[in-house]
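The exercises below are for a reader who is new to this structure. Each one sets a task and then works through a solution in steps.

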Amino acid sequence: MKLGWRMVRKLRIVNARNGTFFNARFFSDSTTQLPLASMTVDPSSNTTKTNNNNNKNSTSSSLKHLELAKFAAIADSWFVIHFYYLFSVISNFSSSSFQLRHVWSLCISSCMVRWDSEGPFKPLHVMNPTRLAFIRSTLCRHFGKDPNCAKPFEGLNIVDVGCGGGILSEPLARMGATVTGVDAVDKNIKIACLHAGSDPETSTIEYCCTTAEKLVEEQRRFDAVIALEVIEHVADPAEFCKSLAALTVEGGANVISTINRSMRAYATAIVAAEYILRWLPKGTHEWSSFLTPEELVLILQRSSIDVKEMAGFVYNPLTGRWSLSDDIGVNFIAFGTKNTH
Amino acid sequence: MNRIVTKRFSVNVYELSITRKNFCSNAASRVSSSSSGQSSNEHEVKQNFTDDGHQYDVAIVGGGVVGMALACSLAHLPLTKHLKVAIIDSNPALVKRNCINKEDPPDPRVSTVTPATISFFKDIGAWQYIQQHRHAYFGKMQVWDYTGLGYTRYNARDVNKEVLGCVVENKVLHSSLLSCIENTDFRKTIYPSKLTSMALLPSSSSMGVDSTLSTTALFTKGRLAKLELSDGKSLYAKLVVGADGGKSRVRELAGFKTTGWNYSQNAVICTVEHTEENRCAWQRFLPAGPIALLPIGDRFSNIVWTMNPNVSSDCKTMNEEEFVKTVNHALDYGYGSHPKSSSSGGRDMFSWLRGDVTISADECFEVPPKVIKLASDRMVFPLSLKHANDYVSKHVVLIGDAAHTVHPLAGQGVNLGFEDSHALSRVIAEGVAVGSDIGEVSLLRKYEAERKPANIAMMALLEVFQRAYSVDFGPLNILRAAAFNGAHYISPLKKSIISYASGEQKMPLPLPFFS
Ligand SMILES: Cc1cc2nc3c(=O)[nH]c(=O)nc-3n(C[C@H](O)[C@H](O)[C@H](O)COP(=O)(O)OP(=O)(O)OC[C@H]3O[C@@H](n4cnc5c(N)ncnc54)[C@H](O)[C@@H]3O)c2cc1C
Ligand SMILES: C[S@@+](CC[C@H](N)C(=O)[O-])C[C@H]1O[C@@H](n2cnc3c(N)ncnc32)[C@H](O)[C@@H]1O
């Protein structure tokens, strides 16, 4: 515990809640969560089950059925698979009401299934290159790959956990990686397969309706494990991180992105979007299930993943560009490596 | 156990911009006319998948100078050189190399390339081939008008440069780019044919998740554009580049609208000979349009003369001797007197505005070297202005004259096209870097956002120019003369004009009226 603390203090504390910052998350009223201190999983405390329940105990720890039901119910409109991004977009757009109106109109027009960068998910597609730039630069550096090469990830085995419709898996495959995409929602996997299958460059992606825990059971190992915008939807983030770590080869890499539990994220994403503007049903997001960067670093640390780099995403309404920055106040992405002991 | 978490703020090269307009635009992916209709049977699609031979990353329609420059740039950039590229053009020069004989007089079709274009060519490794052929750098330029009220001389040394530009025959530009590509291991295929039709099926049509096979086919088609050629061949590409000139078929098939008009003006072009070498670019504004005399090396110059259509046919048919006389007249005392070289008046008038003095401000008006002989056929082209309202849609992008045709007045046309090629290849490389589908509109928009404002600014400037000279009206003439004198004597203005015309600066400040 001590060590963890010291490390955390080295971070820029975004929400200065010294001494109490575990509480909101780890000692919350949520029935599925265990105190951080014990960090052991009591399988019976999980209220959730996987789709095909042959492994009730260990495979279900990270699934949160309520969350998955949200994704499944609205999987027909791709929008919701990505509503999390939209959130990011909203919270970053908040400086411009003009943009807000656009986002709203996108929400309305999202009843159609469109895997299309010009469709209602355009903001998401627009953000995608920015996070891929982060992944590219960190993984190239870590694995000693040539960043000037068109397919720098050739020879790397990457799993995209919570792949949704494959928005991230496809570019990774084009960059040369051998990609496995997994998602707990069957419909997402179907959409992802359909889309990736139409391009020979991405048709090699192996999509699977399963969870990280199941993959661990199958003893799958990957050079890099990526889970973007997933951890805030799982029942037990600490356990989820353990699975991610177990999927990673020794010396392998992890990339995780999520939304910060900061006042700014709360104000923009939840109060504005759910209550004032009523864009999204109340309760779509549980603020308490967001992780701060410090907490993420800590639980990763406990799963023997050392976070080496972290960046935030910011949207500049003037230039219309997303960029990586040191502002991890709302959306952030972390790169870590699995240590060898 | 003191682990330090480093936060790196490496940033941004690959972000995309959001173009507001497109948030709610659903017009971008459209179905275009296709002779084969849209009967997309899966069988055909499957075949194409296995038959990799006809599937490309990029299909460049039009292997003119701009299309070839794009191919060359793609072949050169580390992130794009692996791309499989098809070049479609029926021009025999693409397959049967015309040997360029240095002894022949220069071709009348030439381009004035700017320093920005020269450095682009150097970057992609094509300039070395140009240096093996005839080309003429020039470091001085004189612009004046028939009223005799003012003139401007530009000197490269005003901006600490060696040259203002270089005049190169189009066939030299073209063959240099071709040699450049041939000396790389770039995977390109040349189709010596013409594009007749193009099918782009939108992947975005609404559909249920558990739809049937025909949807797969739709998706498949949605990822690739199908091109049909005049020789019956067909091919598929993720990205179709329309580099097929002012009458672009790609632009038409993709349904891009254009804005523009015909000037009721023709350009007469030809090569002429002097008694000694010309080293300066000359442009004189006559009542019906400008006449330009550009050095092209040895004792040759190129003439681009804008005039009324009926006069142009006279110019083409009159005998050689008479034509030479008409040209010399137009470049000397024709239509009006020489501007006064005793520059003291002008200098005093603008002295309060001048910063440091430019070298050329002290240069006197000169009369261009006399033409002694016609050295080529005379060619006549009608002039028009055309600008595509959009440059990109799903799978399709326009570059060069296909996107914008300008008045040849300032010799900027081809340079804008080269900047398009340069920008597009960079944007494709950025897309490849982050694993984007290179036919994706959100990626292509980045190219459009970069090039459209720049092209429009240049077109607007040329338009103002062209209009200012299409009127012969006392006060306006004086204003123009003031503009000339202003440009000649006010050095900050002069410097900014030079760097804009060199393709190095985005906008001349203060704004364009002077040039
Ligand atoms: C009189 C005149 C003088 C000019 N002077 C200058 C100057 O001094 N400086 C300057 O910078 N610019 C000048 N320009 C403009 C310059 O020539 C053009 O901007 C330039 O050539 C455009 O290049 P491009 O490759 O876009 O098009 P083009 O050179 O027109 O090439 C188009 C290519 O596409 C091919 N093509 C057409 N249709 C099809 C099809 N359906 N399928 C397949 N292929 C097809 C054609 O065969 C051709 O090779 C001048 C223009 C004119 C008319
Ligand atoms: C917001 S989406 C992110 C999609 C994708 N990673 C991206 O960033 O583009 C979250 C996805 O995680 C999936 N998911 C949530 N919990 C999961 C779990 N425990 N295991 C696997 N997938 C899960 C959901 O089905 C949903 O598709």
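**Exercise 1. Describe how strand 5 of chain B pairs with strand 6 and with strand 13 of chain B.**

Step 1. Strand 5 (residues 140-145) and strand 6 (residues 151-155) of chain B run antiparallel and are joined by five bridges. Strands count as paired if DSSP finds at least two bridges between them. Helices (H or I, at least four residues) and strands (E, at least two) are DSSP runs, numbered from the N terminus.

Step 2. Within this pair, K140(B) has N155(B) of strand 6 of chain B as its bridge partner.

Step 3. The hairpin of these two strands has five residues between them, and G148(B) takes a positive phi near 75° there.

Step 4. Strand 5 of chain B also runs parallel to strand 13 (residues 280-286) of chain B, with six bridges between them. Opposite W144(B) stands R284(B) in strand 13 of chain B.

A note on conventions: this is a predicted model, in which local features need pLDDT of at least 70 and side-chain atom pairs count only at pLDDT 80 or more, while totals for chains, interfaces and linings use all residues. Residues are numbered from 1 along each chain as its sequence is written, chains are lettered from A and ligands numbered from 1 in the order in which they are written, and side-chain values use heavy atoms, with hydrogens and water left out.

**Exercise 2. Work out how helix 11 of chain B spans and how it is covered.**

Step 1. Helix 11 (residues 413-433) of chain B has 21 residues.

Step 2. Of its 21 residues, 18 are buried, and the helix is mostly covered. Buried means under 20% relative accessible area, exposed over 50%, partly exposed in between (1.4 Å probe, protein chains only).

Step 3. After helix 11 of chain B comes G435(B), with a positive phi near 70°.

**Exercise 3. Follow chain A from S304(A) through strand 6 to N339(A).**

Step 1. S304(A) sits in the loop between helix 13 (293-302) and strand 6 of chain A. Its phi is positive, about 60°, although S304(A) is not a glycine.

Step 2. Strand 6 (residues 305-316) of chain A has nine of its 12 residues buried, so the strand is largely enclosed by the rest of the structure.

Step 3. Strand 6 pairs with strand 8 (residues 331-338) of chain A in the antiparallel sense over eight bridges. G312(A) faces F332(A) of strand 8 of chain A.

Step 4. N339(A) belongs to the segment after strand 8 of chain A and is buried at 13% relative accessible area. Its side chain makes a polar contact with the side chain of D306(A), at 3.3 Å. A polar contact is a pair of N or O atoms within 3.5 Å; within protein, one must be able to donate a hydrogen and the other to accept it, and residues adjacent in sequence count only if both atoms are side-chain atoms.

**Exercise 4. Decide whether Q219(A) is buried or exposed.**

Step 1. Q219(A) lies in the loop between helix 10 (212-217) and strand 4 of chain A.

Step 2. The relative accessibility of Q219(A) is 62%, so Q219(A) counts as exposed.

Note on methods
The expected span of a helix is 1.5 Å times one less than its number of residues.
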